[in-house]
Amino acid sequence: MALLEIRNLHVNVEGTEILKGLDLSIDSGKVHAIMGPNGGGKSTLAKALVGDEAYEITEGEVLFNGKDLLDMDPEDRAREGVFLGFQYPVEIPGVSNTYFLKAAVNAIRKHHGQDEIDAMEFLEMVRERARRVKLDEGLLQRPVNEGFSGGEKKRNEIFHMSVLEPQLGILDETDSGLDIDALRIVSEGVNAMRDEDRSFLVITHYQRLLQYIVPDVVHVLVNGRIVKTGGKELAEELETKGYEGFEEAAA
Ligand code: ADP
Ligand code: MG
Ligand code: MG
């Protein structure tokens, strides 16, 4: 059974159909990349998967671990193990990074019938994960993303993912605005999490990120549909040839 199974997904945004019958299947342990031109619907797919209410599902189904994902509210999707890193991470004034994460970790544990995490165990885990992505320990007590630099926000996003340990990590253009060192750190953070029980959906406009996070499968999303699927070499092909041929085929 696939971890994520998307069948014939149609999504409207403000009355306009953006996803037009998208099919995608992701097995456990695999990293799938989605590439495609601007405006094709990549972020729409990510938002629809996490249950953003601005994205109206008009047709199709999404199964996560065999369960109907579209029937769950956003919080339950997160507790079931779906994580979305934001293209533009949100600031949460007045709520410290560690406080936020502890609440999130405990909500996930409660959802799975587990007790709250031990305070010391949590602190040690958080410190270890912060070191892993070279997140300055000072940022742990600061309000989430408030006053963080662009690079710090991206690192923080990967840090949150490594603490929450989702089964499916969705990264939407995590590479935009990253310098090469930050890109490497973010990629190392993701690669350290690669595991036979965890999958990733890496959305990117450029091939560069995929040199660091080497995908198992690459899809091309144009005009609301997956128009081509291949191996990692497809990303290289797109980098040299661009999306022109695909855009004509999709039109
Ligand atoms: P991509 O991530 O591939 O660049 P998007 O999914 O962001 O593409 O956008 C696909 C189309 O949907 C674009 O034409 C965009 O303008 C439109 N769109 C996406 N989100 C919204 C929104 N919240 N409100 C209005 N239009 C939107
Ligand atoms: Mg259809
Ligand atoms: Mg986008």
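Visitor: What should I keep in mind about the numbering and the model?

Guide: Residues are numbered from 1 along each chain as its sequence is written, while chains are lettered from A and ligands numbered from 1 in the order in which they are written. This is a predicted model, in which local features need pLDDT of at least 70 and side-chain atom pairs count only at pLDDT 80 or more, whereas totals for chains, interfaces and linings use all residues.

Visitor: What radius of gyration does the chain have, and what would a compact globule have?

Guide: The radius of gyration is taken over C-alpha atoms, and the globule rule is 2.2 Å times the number of residues to the power 0.38. For 251 residues a compact globule would come near 18 Å, and the chain has 18 Å, which agrees. The C-alpha trace spans about 55 × 40 × 35 Å along its principal axes.

Visitor: How many helices and strands does the chain have?

Guide: Helices (H or I, at least four residues) and strands (E, at least two) are DSSP runs, numbered from the N terminus; here they come to nine helices and twelve strands.

Visitor: How do I read the length of helix 5?

Guide: The expected span is 1.5 Å times one less than the number of residues. Helix 5 has 15 residues (150–164) and should span 21 Å, and its end C-alpha atoms are 21 Å apart, which agrees. Glutamate 165 follows helix 5 with a positive phi, near 45°.

Visitor: Which way do the residues of strand 6 point, and are they buried or exposed?

Guide: In a regular strand the side chains alternate between the two faces of the sheet. A residue is buried if 20 or more other C-beta atoms lie within 10 Å of its own, exposed if 12 or fewer, and partly exposed in between, with C-beta atoms placed from the backbone. From strand 6, Val82 and Leu84 point one way and Phe83 and Gly85 the other, and all are buried. Strand 6 pairs with strand 9 in the parallel sense over four bridges (pairing requires at least two DSSP bridges), and phenylalanine 83 stands opposite glycine 169 in strand 9.

Visitor: Which residues have the most contacts inside the largest nonpolar core?

Guide: In soluble globular proteins, nonpolar side chains tend to be buried together. A nonpolar core is a set of buried Ala, Val, Leu, Ile, Met, Phe, Trp, Tyr and Cys residues joined through C-beta atoms within 7 Å. The largest has 61 residues, with Ile170, Leu201 and Val202 having the most contacts inside it.
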